[in-house]
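Biologist: I am new to this structure. Please walk me through how to read its features.

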Amino acid sequence: MDIQIGRGKTARRAYGIDEIALAPGNGTLDPSLADTQWRIGNIEREIPIIASAMDSVVDVRMAVLLSQLGALGVLNLEGIYTRYANPEPILDRIASVGKEEFVPLMQELYAEPIKAELIEQRIREIKQQGGIAAVSATPVGASKFGSVVAKAGADLFFIQATVVSTAHLSPESVTPLDLAKFCQEMPIPVILGNCVTYEVTLNLMKAGAAAVLVGIGPGAACTSRGVLGVGVPQATAIADCAAARDDYYQETGKYIPVIADGGLITGGDICKCIACGADGVMIGSPFARAAEAPGRGYHWGMATPSPVLPRGTRIRVSTTGTLEQILTGPAQLDDGTHNLLGALKTSMGTLGAKNIKEMQQVEVVIAPSLLTEGKVYQKAQQLGMGK
């Protein structure tokens, strides 16, 4: 139902992940029986969790470790790892600078040109260590370096921007990336994003996307919603985009995964995204807290270095455990940020969902009090869900 904002302007109510809850059905199952496998492009993974293409989250080492654990990490091809042969002193500078100096420093560091030879080198380093080489670039970066990525033998190519569409208008002097042509010509699967609507999701799938990323601005280090005022809360965005996936599948017989990207901190967040229709999730800040993460306990947004309009910031996330503890346990914390796979399997068992497809069908209720009801002591003592 539309809500009247004022004369001449109505709005549709949208819901965020924090406003919903999952209701158990008639049956349950042992968590060990929950099948979390999924497929993206031509790659099958046990864990439907992808580490974001952010410099504080994924470097070569993290990409390899995530692959070994059954997940996936995406390397940012427009970050410091393709600008500097030795990124370690750069990471040290980013972690040590004060708040006021942070954005100017980022603009300085990211002004260093991207080097095609470093793109090839990073992809080779991941592959040589047995990792899945998933890489990301903006549409402009894809135009420049798509052939380099293909030549280097990457496994997956993510094209990401704040908003990606097939109906992009550019000045006459600029030739926009033809997404359909790019997807057709690339020898590897191409994942497109980000979007938050049914129509754009459908168009991206028709253009040849191997998967579609959903989410504008919910990320922990993203400020796009404040800077631009643009975004749709994740629960509604996922449900709308998943509907496009289902309709596209009915029409063509091709199943294109929908990936919830951003704003997810706990295992419960991941469970609720899948219940809203996502096939997998992309997360950043939870992995930035891993001991192996390159960010030194910090996490920053991809659009932070923009020379004209930064749309990200740096947040202190601290280091809370190893990557294995965060992803598959055993958990050392009680707030849902460790053993994300265990949380998903246990939730599926509680809800009686044997696989991801059944998890997408569980009952969702509007529950704005879900995270506060009965949690007075936790909140007062800053424990568990009250942290």
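Biologist: Is tyrosine 255 buried, partly exposed or exposed?

Modeller: Relative accessible area decides: under 20% is buried, over 50% is exposed, and in between is partly exposed, with a 1.4 Å probe and protein chains only. Tyrosine 255 has 31%, so tyrosine 255 is partly exposed. Tyrosine 249 is partly exposed too, at 38%.

Biologist: What should I know about the model itself?

Modeller: The model is predicted, so local features need pLDDT of at least 70 and side-chain atom pairs count only at pLDDT 80 or more, while totals for chains, interfaces and linings use all residues. Residues are numbered from 1 along each chain as its sequence is written, and side-chain values use heavy atoms, with hydrogens and water left out.

Biologist: How many aromatic pairs are there?

Modeller: A pair of aromatic rings is described by the distance of the centres and the angle of the planes. Rings of Phe, Tyr and Trp (its six-membered ring) pair if their centres lie within 6.5 Å; planes under 30 degrees apart are stacked, over 60 edge-to-face, and the rest tilted. That rule gives 2 aromatic pairs. Phenylalanine 157 and phenylalanine 182 have ring centres 5.7 Å apart and planes at 70 degrees, so they are edge-to-face.

Biologist: Which elements hold phenylalanine 157 and phenylalanine 182?

Modeller: Helices (H or I, at least four residues) and strands (E, at least two) are DSSP runs, numbered from the N terminus. Phenylalanine 157 is in strand β9 (residues 156-160), and phenylalanine 182 is in helix α6 (residues 179-185), so the pair ties together parts 25 residues apart in sequence. Phenylalanine 157 is buried at 0% relative accessibility. Phenylalanine 182 is buried at 10%. The rings of tyrosine 249 and tyrosine 255 have centres 5.8 Å apart and planes at 75 degrees, so that pair is edge-to-face.

Biologist: Which arginine lies over the face of tyrosine 298, at 4.5 Å from the ring centre?

Modeller: A charge sits over a ring if NZ of Lys or CZ of Arg is within 6 Å of the ring centre and within 35 degrees of the ring normal. Here that residue is arginine 314. The charged end of arginine 316 also sits over the tyrosine 298 ring, 4.9 Å from its centre.

Biologist: Which residues of helix α3 are buried?

Modeller: In α3 (residues 99-109) they are Phe102, Leu105, Met106 and Leu109. They cover an arc of only 100 degrees around the axis, which puts them on the same side of α3. The arc is that of the directions from the helix axis to the C-beta atoms. These buried residues pack against α2 (88-96), β14 (298-300) and β15 (314-316), where contact means heavy atoms within 4.5 Å.

Biologist: What about α2?

Modeller: Ile90, Leu91, Ile94 and Ala95 are buried in α2. Their arc is only 135 degrees around the axis, which puts them on the same side of α2. Their cover includes α3, β14 and β15. Proline 89 also lies in α2, and is partly exposed at 40%.

Biologist: Where does the backbone have cis peptide bonds?

Modeller: Most residues other than glycine have a negative phi, and most peptide bonds are trans. The bond from glycine 193 to asparagine 194 is cis, with omega near 15 degrees. Asparagine 194 is in strand β10 (residues 190-195). The bond from glycine 329 to proline 330 is cis as well, with omega near 0 degrees.

Biologist: What is the phi of arginine 296?

Modeller: Arginine 296 is not a glycine, yet has a positive phi of about 60 degrees. Arginine 296 is in the loop between α11 (285-288) and β14.
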